[in-house]
There are 2 protein chains.
Amino acid sequence: MKLLIIGAVILAATTTMAPAQEIPKTAAELGIMQGSPPERTINMAEWDKGPDNRWAFQHISEIIPVANISRGSGPATPLQVSPNDLSELMFKSYDGNAMSVQNMLTQTYTDGFIVLHEGDVVYEKYFNSMTPNTRHLLMSVSKSLTGTLAGMLVHDGRLNPDAMVTDYLPELKDSPAFGNATVRQVLDMTTALVFSEDYADPNAEVVAHEGATAWRGESAEGAQDGVYFFANTIEKEEARPHGQQFQYASINTDVLGWLIERASGQRFSEFMSDKIWSKLGADHDGQISVDYKGSAVANGGFVLTLRDLARFSQMVLDDGYYNDQQIVPSGWLDDTRFNGNNDAWKPTHYHDTWPNGFYRNQWYVTGDDNGTFFAVGVNGQHIWINPTSRVAIVKYSSLPLSADKENITLGWAAMDAISRSFTD
Amino acid sequence: MKLLIIGAVILAATTTMAPAQEIPKTAAELGIMQGSPPERTINMAEWDKGPDNRWAFQHISEIIPVANISRGSGPATPLQVSPNDLSELMFKSYDGNAMSVQNMLTQTYTDGFIVLHEGDVVYEKYFNSMTPNTRHLLMSVSKSLTGTLAGMLVHDGRLNPDAMVTDYLPELKDSPAFGNATVRQVLDMTTALVFSEDYADPNAEVVAHEGATAWRGESAEGAQDGVYFFANTIEKEEARPHGQQFQYASINTDVLGWLIERASGQRFSEFMSDKIWSKLGADHDGQISVDYKGSAVANGGFVLTLRDLARFSQMVLDDGYYNDQQIVPSGWLDDTRFNGNNDAWKPTHYHDTWPNGFYRNQWYVTGDDNGTFFAVGVNGQHIWINPTSRVAIVKYSSLPLSADKENITLGWAAMDAISRSFTD
């Protein structure tokens with residue numbers, strides 16, 4: 001085995017081999033949804049946790065309502081393949097242990113993994129029955145797609161980041177949380193909300209949020225009222241004003257989705273299709289989770305194939321240009337990458353890892369020496385973009401826990417190392 | 001207006017112009033699912049009836065669970081276009097009145113209509129916001145696709161039509177209805193069942209059937225048990241033996257779907273993809289409605305674009321050959337078209353219209369002088385195939401009533417007249 005150690009930015013000083021881990025079982029090996037009819041079916045209360053999510057993330061339309069995002073009827077944009085087997089590439093994890101990319105992929109319950117360099121597919125792996133034609137849930141990677149979509153409306157002058165949310169959504173005028181927030185604060189998640197994202201706490205707002213999105217079925221509390229009604233129930237965090245601190249709260253992105261629908265006059269799925277998906281040369285239609293009123297779950301509900309999300313990521317890497325056209329305005333992506341507020345980021349734990357970073361337009365911007373920025377979702381979903389080495393990576397996973405910090409950061413270290421290996 | 005009267009086979013002697021009808025409103029005009037969030041949403045108790053179905057039939061994945069039927073990754077089979085405007089073509093309805101094709105399409109709540117002649121698209125119309133990229137519910141046209149799929153297993157020797165259903169599905173050994181039925185009886189719907197298809201009767205078996213399929217939501221009676229469990233609850237009609245009479249009962253097709261899963265060892269959606277959909281050169285993935293256990297609703301749950309169902313229909317017209325390959329065995333389609341039992345058909349009302357017809361392998365075979373055969377579903381879904389004039393037609397509709405005999409037979413008269421116009 002060739003031991004090529006690629007240094008990620010943030011590494012401990014010593015390097016030891018990571019201990020061997022048990023290989024995660026596939027949905028088929030676990031007997032989930034096997035047989036006719038299957039004995040072991042999916043539980044609506046926990047389909048997005050392990051082990052049900054091993055099957056569920058690749059079969060979302062069987063579990064929750066989804067709206068179609070049409071790819072249109074043009075040809076798919078060809079993806080050139082320039083193979084570069086990264087399986088044995090060694091990297092140092094944040095805990096200082098050395099690990100191969102292959103072992104990382106296995107340990108982190110990977111379903112699909114693709115690396116583009118200069119737009120060519122250099123490495124592409126599928127696990128757990130996933131194929132190039134399988135759609136997979138993006139979880140909060142969806143937020144970065146939603147933020148990018150919002151940019152189309154800002155560019156067209158139809159959505160003003162400096163306006164009040166209520167200028168577009170008078171329904172929120174009495175909302176404690178959003179009644180006096182700006183669009184910019186929603187875009188950058190600097191609203192000050194009483195909103196816990198602790199999935200393990202049954203009283204956390206994110207749990208009620210799931211009920212409102214249709215993710216817990218028809219009879220869950222709030223399911224029939226929908227996600228926009230739920231947005232109106234959120235309380236303001238009185239300890240600080242809006243605009244001061246980055247606070248990750250998913251409901252912001254659903255309000256952004258609502259703003260997109262109102263400003264565009266279209267359903268979220270239709271606007272996404274018209275402005276991005278039909279121009280990208282995608283292989284497949286996409287899908288977006290919708291609540292029982294048909295409103296998009298913009299914060300976490302995109303369902304896309306690996307290659308199609310790679311195309312989107314390459315477009316973002318190429319400043320909005322893809323398939324021979326400028327799809328997303330260059331100015332919006334520059335704004336995303338360069339205009340964030342590091343002060344708002346400082347009080348958060350991200351600052352420990354990326355002291356120069358910020359959160360802007362629903363993307364994490366690291367502020368590192370490569371200009372790396374990324375999207376991340378629970379259970380191990382990622383887009384990783386390194387503009388210096390011209391690498392874009394997508395990783396789909398079905399980690400058992402929503403917030404498995406160890407395995408999620410392991411993915412970051414690997415993707416950072418892979419990206420940097422192309423500058424050597 | 002050019003008055004070209006094309007004679008359909010079964011016409012009254014006199015011809016008068018049909019009275020003008022009110023033009024059906026579109027979903028958008030009715031305000032269904034318009035606005036953000038929409039005020040007028042879809043009611044789970046009646047989404048498949050008018051007016052909700054004007055929107056619902058084109059947004060099935062937002063309403064009920066669907067499994068994906070992958071098109072694979074090959075190129076789409078080109079559809080050549082040879083325009084022939086049939087809008088003003090006049091035909092005589094079964095009531096003897098003359099009507100233009102265009103007026104028929106309007107009156108019968110058409111969403112999509114396509115006519116292929118010698119495989120070329122000669123006429124293609126969309127209404128009510130439908131597009132070439134929109135999937136639409138097939139209702140019982142699904143049965144004919146399911147029957148065709150079963151033929152692949154018969155040809156491979158994996159499903160024996162003369163065997164007992166219980167040879168494959170021992171779970172049904174105590175079923176009063178299916179415990180002593182053969183696969184052939186299920187295929188040709190000559191099982192003798194206590195099964196009413198009267199959608200207007202709340203006590204009809206078809207209403208309980210809908211509950212079992214997930215079409216009425218999670219809390220409907222039988223929803224959590226699923227469609228295969230429901231099959232086990234059906235009673236035998238004691239007044240006659242199996243095999244004697246054609247009796248249209250949708251549950252037969254779901255049992256056939258179960259047989260397909262058991263004999264193939266695959267999920268219905270995967271077997272359909274492997275054997276037909278990935279070989280057809282479809283534009284789009286298809287979908288099939290699944291119950292809350294993931295079992296296919298084979299009797300009515302296919303969701304496909306108009307052009308893709310036209311490709312399937314052309315394949316059937318061409319004896320199973322399409323996209324440069326024999327997809328469905330020729331022998332199965334010959335068996336379907338020529339080996340039916342007219343005696344079993346005689347006691348039914350279909351005999352009045354087509355005295356030489358029969359129902360075979362889930363297709364209606366008219367026995368007319370053109371060898372016409374067809375598939376039909378409630379609310380106005382159709383495949384119409386005329387092997388003599390080499391015409392295949394698909395019609396999608398959203399008629400308000402499930403069983404609107406007048407408008408459904410109006411479609412038949414029109415499609416018969418259109419088909420025959422190509423032999424002149």
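Begin at the interface of chain B and chain A, where four salt bridges are found, a salt bridge being a side-chain nitrogen of Lys or Arg within 4 Å of a carboxyl oxygen of Asp or Glu. This is a predicted model, in which local features need pLDDT of at least 70 and side-chain atom pairs count only at pLDDT 80 or more, while totals for chains, interfaces and linings use all residues. Residues are numbered from 1 along each chain as its sequence is written, chains are lettered from A and ligands numbered from 1 in the order in which they are written, and side-chain values use heavy atoms, with hydrogens and water left out.

Select A:Arg267 and B:Glu62 next, whose side chains meet in one salt bridge, with 2.7 Å from N to O. Then select strand S3 (66-69) and helix H9 (251-264) of chain B, the elements that give two or more residues to the side touching chain A; helices (H or I, at least four residues) and strands (E, at least two) are DSSP runs, numbered from the N terminus.

Now show the whole contact, for which chain B and chain A provide 36 residues each, contact meaning heavy atoms within 4.5 Å. Between them the two chains bury about 2500 Å², 39% of it on carbon and sulfur atoms; buried area is the accessible area (1.4 Å probe) that two parts lose on being put together, summed over both. In chain B, the residues that lose the most area to chain A are B:Ser36, B:Glu62 and B:Glu218, together 23% of what that side buries.

How are the two chains related to each other? Chain B can be laid on chain A by a turn of 180 degrees and a shift of 0.0 Å along the axis, with an RMSD of 0.0 Å, the copies being superposed by least squares on the C-alpha atoms of residues with pLDDT of at least 70 in both. That is the relation of a two-fold axis. Because 100% of the interface residues of chain B are also interface residues in chain A, the copies meet through the same surface.

Select A:Ser36 and A:Pro37, between which the peptide bond is cis, with omega near -5 degrees; A:Pro37 lies in the loop between helix H1 (27-30) and helix H2 (53-56) of chain A. Finish at A:Asn361, which has a positive phi of about 50 degrees although it is not a glycine, and which is placed in the loop between strand S15 (358-360) and strand S16 (363-365) of chain A.
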